[in-house]
Amino acid sequence: SKPPPEEEYEPADSAMTFMVISLFSLLFSMVWFFVKIPFRIGSTFVKFWVFVIAARILWLLLADDNGAWEMGAGVDYEYNMPGIY
């Protein structure tokens, strides 16, 4: 009968290295997760704010003002027709 194959020898310090690397990786990923949350909230808020501003500007440009612009209600005349003070 054949003798059983010899098991590959693995030094004990390789497990320690793996454990330390795993621990630092876990700690870094947890810290990065909690640091990233405020940035995600802030970027979501800024994107929403930009969307709202763009929607309001688009609404102002497309809204029907019943001819008020042609009667002089524009910014050029400071909301008054020419000749009205």
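I looked up the secondary structure and found that the protein chain has one helix and zero strands. I took helices (H or I, at least four residues) and strands (E, at least two) as DSSP runs, numbered from the N terminus.

I noted that this is a predicted model, where local features need pLDDT of at least 70, side-chain atom pairs count only at pLDDT 80 or more, and totals for chains, interfaces and linings use all residues. Residues are numbered from 1 along each chain as its sequence is written, and side-chain values use heavy atoms, without hydrogens and water.

I then looked up burial. Of the 85 residues, 2% count as buried (under 20% relative accessible area; exposed is over 50%, partly exposed in between; 1.4 Å probe, protein chains only).

I next located Ile53 in helix 1, residues 13-62. Ile53 has a relative accessible area of 37%, so I recorded it as partly exposed.

I searched for aromatic pairs (ring centres of Phe, Tyr or the six-membered ring of Trp within 6.5 Å; planes under 30 degrees apart are stacked, over 60 edge-to-face, the rest tilted). The count came to one. Phe33 is partly exposed at 46% relative accessibility, whereas Phe34 is exposed at 54%.
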